[in-house]
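Dear colleague,

Please find the structure below, handed over for your use. My notes on what was found in it follow.

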Amino acid sequence: MAPVSEPILTLTDVTVQFGALKAVNSVSMSLKAGERRAVLGPNGAGKTTLFNAINGSVPPTSGRILFDCVDMTKMSPQARAYLGVARTFQITNLFGQMSVIENMRLAARGLSASKFSLFGSDKLTSEQDGRVHDSLAASRLTGREDVIVKEMSYGEQRQLEVAMALAGTPRLLLLDEPAAGLSPAERSFLADIIRNLPRDLTVVLIEHDMDLALALVDYVTVMQNGRIIVEDDPTSIRTNALVQEVYLGKPHVVAAETLEGDTDARGL
Amino acid sequence: MSKLLTSPLRAFAALAVLGLALLPLVLPTYYVSVATQILIFSVLAMSVDVLAGFTGRTPLCHGAIFGTSTYVVLYTASVYGLPLPAAMLLGVIAATLLASVFGLLAVRTSGVYFLLLTLALGLIVWGVCLRWTEVTGGENGERGQLRAALGMSPRQLYSGVAVVVALVTFVMWRFVRSPFGLTMRGIRDGESRMASLGYNVSLHLTIAFTASGFFAGIAGALYAVFNDFVSPSTVQLSQSVSGLLMAIVGGIGTLFGAFVGSFLIIALEQAVSKVTERWLMVLGLTFIAIMIFAPEGVIGKARLLMAGRAEPKTKA
């Protein structure tokens, strides 16, 4: 594993193009191991596409992605998972018909050969069981193992998103709007879960709720129209004029336009 | 899954197994052979269910995979004079290889494209069997001497088939309950999630397809012994369709529903064709009725009803 000061993830001129649209436009960024990073920006800024490029579900059109000195630009999502990249999904992507423990079994076996057992027992090994136990505890879902996922509350489903990503003991965790659609009480509960994640885990967080995000991270990247416009620490981001402009609209304009900018920033 | 929910079904299954074992003692010879056919087609329907019910990919080529095994068994036994076990083994191997090739070609698609691609692959097999007359006998098909060589009575054949089917059913049950079985269900419900967890979706689907073809091949080899004759109609589309219908009627994703589906469709065919030649019309109407009133199939519906009874106050 890389020493703490070495970057664990380096993006160089990463571009993701859909036809004429550059959803991610020549983005370069670098994350230290154990860093917590927020990626902010209005809807359509390219945040989720950036995640898809890092996770491999939409490989970059050009540019380079290094993870712990391995060039994974052209790797499949499953190959990146083996390197230690895990993600959650903005739109809940769980196995709704199955119980929590079945979801966790799939998550825990994703990186081990036992997933190829064609006629063996469905029980986990004690090592896998330990990982499932720890991930459920970290996501505060202990005791909910036998509940069918689609019968859980939405908040618990968001917790399970995190638990499944943790079960493979990743080194890089990509959280795509983990608190999307949650009530304020549920949000602070989920923020606690994220805050208490192991400190050696590198976390990248996409979030619309700026207060929630800034309270959780060491460093912030703000995107707009596929490009990085600002990178700074949370305190400076709060007072950064450019960020306020992106989120709240330009100052000294008529009230109607200000409102419109505000609505955009809230993702409507 | 709660134990309350499955235990009455288990008791019913135990009764059904007992009934199947005692059947040949009481039935007239003709019906014993119908029962043998039901058992063989149950295995075909289960092999379809492995893909359709567990991976969510509905295939229309399993009749062709099944029939390839039947052709190979009859050909190698009658032309090369291979002993029956060796011929059957070759039949199953041929079906498995064919399925692995079909799998490689088909697993990158899903939904209606998967359906159409597998349909086309099945039609190729049918075309080959029809035209490659030197080997397959063309439309006249191929008649074997397997039954005569075995010297088994219909009752003995039934018992032999029942033992093989019981073993295969147990193996398939283990298969769908294994870690790999859970993987198949995961792929059915969320491919992008599976990939991000480290699963190579195409590879797992190819393995599932090959395993499913292996089971269909066993059914085809049994059918060779049972029928002692094979023609292009054994590999044609309607064979694939009836395997799928049996799986759907019994309940997709239930595995054992295949027995119910196979029984209902073959029994209906026997009963209706005594009265009218338009048996396919009756089958079509029955199928429509099932799709409207019990789209989850007979076993699926029974499970739902029992779950309703176990928890009378369901959703508000």
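What is the handedness of the crossing of α3(B) and α13(B)? The crossing is right-handed, a term used when the near helix is turned clockwise from the far one by less than a right angle, left-handed being the anticlockwise case.

Before the details, please note that this is a predicted model, in which local features need pLDDT of at least 70 and side-chain atom pairs count only at pLDDT 80 or more, while totals for chains, interfaces and linings use all residues. Residues are numbered from 1 along each chain as its sequence is written, and chains are lettered from A and ligands numbered from 1 in the order in which they are written.

Helix packing in chain B

Helix α3 (residues 62-79) and helix α13 (residues 237-250) of chain B pack with their axes 7 Å apart, at an angle of about 110°. Helices are DSSP runs of H or I with at least four residues, numbered from the N terminus; axes are lines fitted to C-alpha atoms over the stretch in contact, and angles run from 0 to 180 degrees between N-to-C directions. α3(B) is therefore roughly perpendicular to α13(B), the word covering angles of 65 to 115 degrees. Among the residues that make the contact are Phe66(B) of α3(B) and Gly243(B) of α13(B); two residues are in contact if their C-beta atoms, placed from the backbone, lie within 7 Å.

α13(B) also meets helix α14 (residues 257-275) of chain B, where the axes come within 7 Å and cross at roughly 115°. This crossing, too, is right-handed. Residues making the contact include Leu245(B) and Met246(B) of α13(B), and Phe259(B) and Leu264(B) of α14(B).

The nonpolar core

The largest nonpolar core has 162 residues, of which Phe215(B) and Ala219(B) touch the most other members. Such a core is a set of buried Ala, Val, Leu, Ile, Met, Phe, Trp, Tyr and Cys residues joined through C-beta atoms within 7 Å; buried means 20 or more other C-beta atoms within 10 Å, exposed 12 or fewer, and partly exposed in between. Helix α11 (residues 201-227) of chain B gives the most to this core, with 16 residues. Beyond its neighbours within four places in sequence, Ala219(B) is in contact with Ile40(B), Val43(B), Leu44(B), Ser47(B) and Phe66(B).

An exposed residue and the chain contact

Arg10(B) belongs to helix α1 (residues 3-26) of chain B and is exposed, with 10 other C-beta atoms within 10 Å. Between the chains, 28 residues of chain A are in contact with 22 residues of chain B. On the side of chain A that touches chain B, α3(A) provides the largest share, five residues.

With kind regards

Methods. Helices (H or I, at least four residues) and strands (E, at least two) are DSSP runs, numbered from the N terminus. Angles under 35 degrees count as roughly parallel, over 145 as roughly antiparallel, 65 to 115 as roughly perpendicular and the rest as oblique.
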